[in-house]
Amino acid sequence: MSLNLSNADISAIIEMALSDHMPFAVIEAEFGLKAGQVKELMRDNLKPGSYRAWRKRVRTFADRRENYK
């Protein structure tokens, strides 16, 4: 990933992405990263099992949100 992010920015993005109440839109507004870039950053910085668990949780929340619209 060729973004010019400091270690503090990367840590903040990871923390925001791991929060179940923080949509990708908020991360994009604050750091300018699209959802795909956040996923790539998470893949590069989390252990493989942690990344898979996070993706599964994100998909579950996204599916639930669609049902309640």
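Start by selecting Y51 and W54: both sit in helix α4, 3 residues apart, about one turn of the helix. The model on your screen is a predicted one. An α-helix has 3.6 residues a turn, so residues three or four places apart point the same way.

**Stop 1: the aromatic rings**

Keep Y51 and W54 selected. Are they buried or exposed? Both Y51 and W54 are buried. For W54, the relative accessibility is 1%. Now look at the two rings. The ring centres of Y51 and W54 are 5.9 Å apart, and the planes meet at 45°, so this pair is tilted.

F24 is partly exposed, at 24% relative accessibility. How many aromatic pairs are there in total? The count is 2. In the pair F24 and W54, the ring centres lie 6.3 Å apart. Their planes stand at 85°, so this pair is edge-to-face. Planes over 60 degrees apart get that label.

Color the helices next. F24 belongs to helix α2 (residues 24-31), and W54 to helix α4 (residues 48-67). The pair therefore ties together parts that are 30 residues apart in sequence. Show all three side chains together: ring pairs link F24, Y51 and W54 into a cluster.

**Stop 2: one side of helix α3**

Select helix α3, residues 35-45. Which residues are buried here? V38, L41 and M42 are buried in α3. Look down the helix axis.

**Stop 3: where α1 meets α3**

Now show the side chains at the contact. From α1, pick I10, I13, I14, A17 and L18. From α3, pick V38, L41, M42 and N45. V38, L41 and M42 are the buried residues from the previous stop.

**Stop 4: the salt bridge**

How many salt bridges does a search of the whole structure find? It finds 1. Select E28 and K34, the two partners. Their closest N and O atoms are 2.9 Å apart. Now check the exposure of each partner. E28 is partly exposed, with a relative accessible area of 31%. K34 is partly exposed too, at 48% relative accessibility.

Technical notes. Residues numbered from 1 in each chain as written. Predicted model: local features only at pLDDT ≥ 70, side-chain atom pairs only at ≥ 80, totals over all residues. Heavy atoms only, no water. Salt bridge = Lys/Arg side-chain N within 4 Å of Asp/Glu carboxyl O. Buried < 20%, exposed > 50% of the residue type's maximum accessible area, 1.4 Å probe, protein only. Phe/Tyr/Trp six-rings, centres within 6.5 Å; stacked < 30°, edge-to-face > 60°. Helix = DSSP H or I, 4+ residues; strand = E, 2+ residues; numbered from the N terminus. Contact = heavy atoms within 4.5 Å.
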